[in-house]
Amino acid sequence: MFVTGHGPFPSYLHRFNLPKHDNCSCGEKGDLMHYATKCRFTLYWHFQTPAVSLKLQWLKNILTDNLSRIRLRLLMRFICNENNLIVEDNH
């Protein structure tokens, strides 16, 4: 889910008109990079934001480092379990 961006992210689900928008509850675009590097709801699991030119290498480093993979699994588990917290609801 992390590498492809397919998962419980508002930016992905919005493609299928499941949420009415692609925003996180904090107001920013709810995509993978947002949750992994900036979102206040996932602060505990943040990774350092990569330079645009180094994003591919950044992803490779996360996937090959054991501690980063553990942190990534915990982040994804939190996003899946607390989806109602991180997905903005405009009803």
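User: Let's start with the rings. How many aromatic pairs are there?

Analyst: The count comes to four aromatic pairs. Keep in mind that this is a predicted model. One of the pairs is Phe9 with Tyr35: the ring centres are 6.2 Å apart and the planes are at 25°, so this pair is stacked.

User: Where in the chain do Phe9 and Tyr35 sit?

Analyst: In distant parts of it, 26 residues apart. Phe9 is in the segment before helix H1 (10–13), while Tyr35 belongs to helix H2.

User: And are those two buried or exposed?

Analyst: Both Phe9 and Tyr35 are buried. For another pair, take Tyr44 and Trp45, which are edge-to-face, with 5.4 Å centre to centre and 85° between the planes.

User: What about burial there: is Tyr44 buried or exposed? And Trp45, buried or exposed?

Analyst: Tyr44 has 69% relative accessibility, so it counts as exposed. Trp45 has 14%, so Trp45 counts as buried.

User: Switching to cysteines. How many disulfides does the structure hold?

Analyst: Zero disulfides. Take Cys24, which is in no disulfide: the nearest cysteine sulfur belongs to Cys39 and is 3.6 Å away.

User: Why don't Cys39 and Cys24 count as having a bond?

Analyst: Because 3.6 Å between the sulfur of Cys39 and that of Cys24 is too far for a bond. The cut-off for a disulfide is sulfur atoms within 2.5 Å.

User: Are they buried or exposed, Cys24 and Cys39?

Analyst: Cys24 has 0% relative accessibility, so it counts as buried. Cys39 also comes out at 0% and counts as buried.

User: OK, on to helix H3. Which of its residues are buried?

Analyst: H3 covers residues 55–64, and its buried residues are Trp58, Leu59 and Ile62. Looking down the axis of H3, you'd find them within an arc of 100°, so they line one face of the helix.

User: What's on the face turned away from the buried side?

Analyst: That face of H3 carries the exposed residues Leu56 and Thr64.

User: And what covers the buried residues of H3?

Analyst: The cover includes helix H2 (32–37) and helix H4 (66–81).

User: What about Gln57, where is that?

Analyst: Gln57 lies in helix H3 too. Its relative accessible area is 42%, so Gln57 is partly exposed. From its C-alpha atom to that of Ile70, 13 residues apart along the chain, the separation is 18 Å.

User: You mentioned H4. What does Arg69 contact, again leaving out neighbours within four places in sequence?

Analyst: Arg69 is in contact with Ile62, Leu63 and Thr64. Arg69 has its place in helix H4, and with 30% relative accessibility it counts as partly exposed.

User: Let's zoom out. How many helices and strands does the protein have?

Analyst: Five helices and zero strands. Starting from the N terminus, the order of elements reads α-α-α-α-α.

User: How does its radius of gyration fit with a compact globule?

Analyst: It agrees: for 91 residues, a compact globule would have a radius of gyration near 12 Å, and the protein has 13 Å. Along the principal axes, the C-alpha atoms fill a box of roughly 40 × 25 × 20 Å.

User: Last ones! What share of the residues is buried, and how many of the contacts join residues at least 24 apart?

Analyst: Buried residues account for 38% of the 91 residues. As for contacts between residues at least 6 apart in sequence, 41% of them join residues at least 24 apart.

Technical notes. Residues numbered from 1 in each chain as written. Predicted model: local features only at pLDDT ≥ 70, side-chain atom pairs only at ≥ 80, totals over all residues. Heavy atoms only, no water. Buried < 20%, exposed > 50% of the residue type's maximum accessible area, 1.4 Å probe, protein only. Helix = DSSP H or I, 4+ residues; strand = E, 2+ residues; numbered from the N terminus. Arc of directions from axis to C-beta. Contact = heavy atoms within 4.5 Å. Phe/Tyr/Trp six-rings, centres within 6.5 Å; stacked < 30°, edge-to-face > 60°. Rg over C-alpha atoms; globule rule 2.2 N^0.38 Å.
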